[in-house]
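Colleague: I am new to this structure and would like to learn how to read its features one at a time. Could you take me through them, giving the general idea before each case?

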Amino acid sequence: MEYSLISHSRYARSFNPVKKKLVLLAIMLFLWVYMAYSCVGYCSTMPRMMVDYRVKETQTAGKRTDNSGVDLMSKLLSKPQGWVDLETDYDEPPIRTASRDLLNNEVEIDQTEDWDEIRGEQKSPDQSPMSSFSNGSGSKKLPQAIIIGVKKGGTRALLEFLRVHPDIRAVGAEPHFFDRNYDNGLDWYRDLMPKTLEGQITMEKTPSYFVTREAPARISAMSRDTKLIVVVRDPVTRAISDYTQTLSKKPDIPTFESLTFKNRTTGLIDISWSAIQIGIYDHQHLQNWH
Ligand SMILES: Nc1ncnc2c1ncn2[C@@H]1O[C@H](COP(=O)(O)OS(=O)(=O)O)[C@@H](OP(=O)(O)O)[C@H]1O
């Protein structure tokens, strides 16, 4: 009995109300830290949730009223559909021979720019929200969807919008595989692509494919299921945008007006000038893709 009294008084002394509260607080703090730590680890393995939130945020900020973006996305993510056989009635004409490229060396200017971009991209890692998630794993695949044009149609903006989606991975630079680098082979092309996980779509954009006569057959030879996206823009503003880009690199080129008109008095337009020719969408280029 005495023993139990002593032990009781010791117990009472060591667990007075203040100490009790302190012990409880310490336990709660420990549990809170533990839960917070576990949650951080768990959330980092759930990129889909994170990016879905970002997309929602963008849509709210932009107050989207149409669902064209959603339509495009669902088409991209849908199962491949068959497409018209391009090879059967395809005859191979020379590449852009009739065009007067924006003062002859436009192609060289563009190529330098593109390869600078590619080198830049390889040096600095992809800054997309999914980069940390998918850079290390997955495998490189040939693109299942390509933005083929048109130059100055807003193709860069479209690709950047699309690649915000967690299931789309895109190469930032323009590979120019189906026009300038076809001889490098498909392995070279595949190697430019970012790694993708199962179910993700690989994309690229090279607007000059649209005006390259060989491109349809070449893309079809790679895969008939490749989805092709074309953005068109008013041909006049497109031509001005094209000209402005060249002018920024070569300030001494002739005026837009003098390049556009063969005869200013009669209003005869020089359709051999590439800035004009690219904008003749249907008659000059689109028929190559049927
Ligand atoms: N969302 C949207 N809507 C309309 N227009 C847009 C959009 N985003 C970009 N742009 C304009 O598109 C022009 C650049 O096009 P591209 O990215 O296709 O250029 S490029 O071919 O890759 O050089 C360039 O046109 P200009 O400014 O007239 O030169 C961009 O301003």
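Predicted model: local features only at pLDDT ≥ 70, side-chain atom pairs only at ≥ 80, totals over all residues.

Colleague: How many residues surround the ligand, and which are the closest?

Modeller: A residue is near a molecule if one of its heavy atoms lies within 4 Å of it. Here 13 residues surround the ligand, and the closest are K152, T155, K205, R233 and S241. Helix 7 (residues 155-162) gives the largest share of this shell, three residues; helices (H or I, at least four residues) and strands (E, at least two) are DSSP runs, numbered from the N terminus. By class, the shell has three nonpolar, four polar and six charged residues, where Ala, Val, Leu, Ile, Met, Phe, Trp, Tyr, Cys and Pro count as nonpolar, Asp, Glu, Lys and Arg as charged, and the others, Gly among them, as polar.

Colleague: Which polar atoms of K205, S241 and K152 lie by an oxygen atom of the ligand?

Modeller: A polar contact is a pair of N or O atoms within 3.5 Å; within protein, one must be able to donate a hydrogen and the other to accept it, and residues adjacent in sequence count only if both atoms are side-chain atoms. For K205, a polar side-chain atom lies 2.5 Å from a ligand oxygen, and for S241 a polar side-chain atom lies 2.6 Å from a ligand oxygen, whereas K152 uses a polar backbone atom, 2.9 Å from an oxygen of the ligand. On its own the ligand has 640 Å² of accessible area, of which the protein covers 54%; such areas come from the Shrake-Rupley method with a 1.4 Å probe, and for residues only the protein chains shown count as cover.

Colleague: How many salt bridges does a search of the whole structure find?

Modeller: A salt bridge is a side-chain nitrogen of Lys or Arg within 4 Å of a carboxyl oxygen of Asp or Glu, and the search finds eight. In one of them the side chains of D242 and K151 meet, at 2.9 Å from N to O. This pair links distant parts of the chain, 91 residues apart, with D242 in helix 10 (residues 235-249) and K151 in the loop between strand 2 (145-149) and helix 7. Buried means under 20% relative accessible area, exposed over 50%, and partly exposed in between (1.4 Å probe, protein chains only). D242 counts as buried because its relative accessibility is 0%, and K151 is also buried, at 14%.

Colleague: How far apart are R156 and E160 along helix 7?

Modeller: Their side chains meet in a salt bridge at 3.0 Å, N to O, and because R156 and E160 are four residues apart in helix 7, about one helical turn separates them. R156 is partly exposed at 28% relative accessibility, and E160 is partly exposed at 31%. Salt bridges that share partners also join K151, R238 and D242 into one network.

Colleague: What should I look for in the backbone?

Modeller: Most residues other than glycine have a negative phi, and most peptide bonds are trans. In this model a cis peptide bond joins G149 and V150, with omega about -5°. K152, not a glycine, has a positive phi of about 70°, and H176, also a residue other than glycine, has a positive phi near 50°. H176 lies in the loop between strand 3 (168-170) and helix 8 (186-192).

Colleague: Is Q200 buried or exposed?

Modeller: Q200 is buried, because its relative accessible area is 6%, and its side chain reaches the backbone oxygen of P166 at 2.9 Å.

Colleague: Which residues form the nonpolar patch on the surface?

Modeller: Patches are made of residues with over 30% relative accessible area and no salt bridge, with like charges joined within 9 Å and nonpolar side chains (Val, Leu, Ile, Met, Phe, Trp, Tyr) within 5 Å. V23, I27, F30, L31, Y34 and M35 form this one, and together they have about 660 Å² of accessible area. V23 lies in helix 2 (residues 17-43).

Note on methods. Residues numbered from 1 in each chain as written. Heavy atoms only, no water.
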